[in-house]
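I set out to look up a few features of one protein chain and to record each in turn. My entries follow the display below.

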Amino acid sequence: MLAVVPPKRRDGNSSFVKLVSYTVCREDVSLSETLSPDNPTFRRPRSEEAIFNNLVGYATRNALPDSEDVIATFPDGRQQVKFDKVICETNCFSLASAASEMNMVAMQNTRCQDPVYHTILSWPEGERPTPDQIFESARHCLKGLGMADHQYVFAIHDDTDNLHVHLSVNRVNPVTYKAASLYNDHFVLDRCCRELELKHQWKHDNGPYRVNDQGMVVRNKQFYKPAPAAARRLEFFSDKESLHTYAVDHCRKKIDTLFMSGDQYNWGDIHDVFHAAGLELRQKGTGLAIYDLNDDSHIPLRASRLHPELTLDEQQEQIGAYRQAPVRDDAPGRLVQSCVAIESLYDSLLHCRDRGARVERRIARAEAREDLIGRYQTYKKGFVRPGISKEDMRTRFRELAAEYRIRKNHVRLVQRDPLLRKLMYRALEVDKLKAMSALKIQIRTERDAIKSSPDARPLSYRAWVEVQATHLDGAAISQLRGWAYREKRQNRTPAVSQNMFLHSVADDITPPRIRGYDTTVNRDGAVVYSSDGKPVLIDRGRYVEVADAPAEKGKHVAMAMHISGLKSGECVEVRGDKDYVQNTMAFIRQFSAGSGKQVPLTHPFQRQWAGYDAHKPKDEIQPAPQSPAPRYTPPKPH
């Protein structure tokens, strides 16, 4: 198990209400839903008042003491409550008032700038501890942090690939009003995780601590340092490849080979390794840093992050004083002279999800994503907020005033008695004031209704992308798949079969419209092709699932072959059970012989099976490009 401490807000505006509401109230949006322009995903209001009202309404929908939502109560004041699919535990009076109770206690300490503490305990795939074990683990971690008696709310989330629990804790003690110190909390939590793994016989995970052969928890001294926290956040939230990941992929193995070869090397050899990857090693202060040769504005990477032996002191001891790579100043920019040609360049716009794909396709995907973001910005800037204009309000008031002028004029013409006419004028004035007040209230009500309507504000980026995906926009569908890959939710589109055509990583295309098939897009980016109301093909980018339909006599396989022909061709393999592979390969061989066209298979054995490389000797057959297996294994069909 792992302990994750999310980064805190830099503005200091952490909120118990928002944190508790986030952990307890889960949005009922299934990724397997079919997208529709009439039903986009609307973002909930983010004001504290609206969030608190939503939390109270969510918690008190069945407020009876003997409600089935209350799982258990304990003598020490703890209670376990189930909110729909979220099981929670708190030592406050209730979940609805937990945030308010924490705020009142935190206000007693005027020196604590941020009393909100949030951490996550996560278990690997395949481990499903019971709720009692999860809550016991959370309390054990709080005890290790010195906050065993503090107010807390635990919430279990089991709708992702990794079961995890959120810990929302008040740093201020409700008795002494002292704030707990969280120095090195990540290390304390990781040690607690190793202790819990030993106690419950769970699988040991990687972290700052490990369990040695004697069953003791000791510090874990890793040879390679992990990626910086900023690089991990960049790759997780924006799907952009960090400079650290790029340097590890292109330079770490070469640097390690250079250091371990036993041959004499110099600073020029080290510079050549980085120059081939479009990077430059420079001295920064008392150490070394890796810079992007093409753009100095990127934050440099500390050299020891790439290799622990790549430090200024250690290398100067091995090969002498540091020598900077020679620079040619007669050309624009900073060009480093080297006998090694530049083989690749770091591009901050390339995505992490398509690592392993061809550079041309990665660049095209990055440009399509930037174009998608640009189109959204154009839509947002051109959005006209609906409402009642000032001119419209003036017109309505003028019409009302004109109506009473006409009525006054009628009284002047009809009534001859001056005293009675004056009395009727005063009555009309009172009626006019009442009508004006009623009109003001009516306009205010209309404006509030328009303001509360989702159409009164522009769509969020996600909702706008979903609308574009309904029009089969390839970039929007790719963005949806990236979000689904990042969130790792379990409520994705169920598989129609385990038989498929496997393709390269992030092999996203604009879905074709196939005659005889209804094409829809789900919230997880799965493109579903249906026939007679039943899904028969699902394109997930990495693979195309083919439903079992013997009566169709290979029709669905032919359509899957057509979709595969539109993809990049970097990897095309037939995967599935034995009968499916044999029948598909026979169909491909028959199709190629009859039409003269070849399905772009890349597996050498399958190419021979299809008769593509039958005339070539074995030593001339090109091996299939190696690509990692898909991370997401589709669930079995029901």
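**Notebook: surface, a bent helix, a hairpin and salt bridges**

I began with the surface: the chain exposes about 35,400 Å², and carbon and sulfur atoms supply 52% of it. Accessible areas come from the Shrake-Rupley method with a 1.4 Å probe, and for residues only the protein chains shown count as cover.

I noted that this is a predicted model, in which local features need pLDDT of at least 70 and side-chain atom pairs count only at pLDDT 80 or more, whereas totals for chains, interfaces and linings use all residues. Residues are numbered from 1 along each chain as its sequence is written, and side-chain values use heavy atoms, with hydrogens and water left out.

I then looked up burial. Of the 638 residues of the chain, 43% are buried (under 20% relative accessible area; exposed is over 50%, partly exposed in between, with a 1.4 Å probe and protein chains only).

I listed the secondary structure as 18 helices and 20 strands (DSSP runs numbered from the N terminus: helices are H or I with at least four residues, strands E with at least two).

**Helix α7**

I found that helix α7 (residues 243-260) spans 24 Å between its first and last C-alpha, close to the 26 Å expected (1.5 Å times one less than its number of residues). At Cys-251, α7 bends by about 50° (the angle between axes fitted to the seven residues ending there and the seven starting there). Cys-251 is among the buried residues of α7, as are Leu-243 and Phe-259. After α7 comes Gly-262, with a positive phi near 85°.

**Strand β11**

I asked how β11 (residues 287-292) is placed: five of its six residues are buried, so the strand is largely enclosed by the rest of the structure. Strand β10 (residues 279-284) runs antiparallel to β11, joined by six bridges (strands pair if DSSP finds at least two bridges between them). Glu-280 has Tyr-291 in β11 as its bridge partner. In this hairpin, two residues lie between the strands, and Gly-285 has a positive phi near 65°.

**Salt bridges**

I counted 29 salt bridges in the whole structure (a side-chain nitrogen of Lys or Arg within 4 Å of a carboxyl oxygen of Asp or Glu). One of them joins Lys-254 and Glu-343 at 3.8 Å, N to O. Lys-254 lies in helix α7 and Glu-343 in the loop between β14 (335-336) and α11 (359-381), so the pair ties together parts 89 residues apart in sequence. Glu-545 and Arg-540 also form a salt bridge, at 2.6 Å, and both residues are buried.
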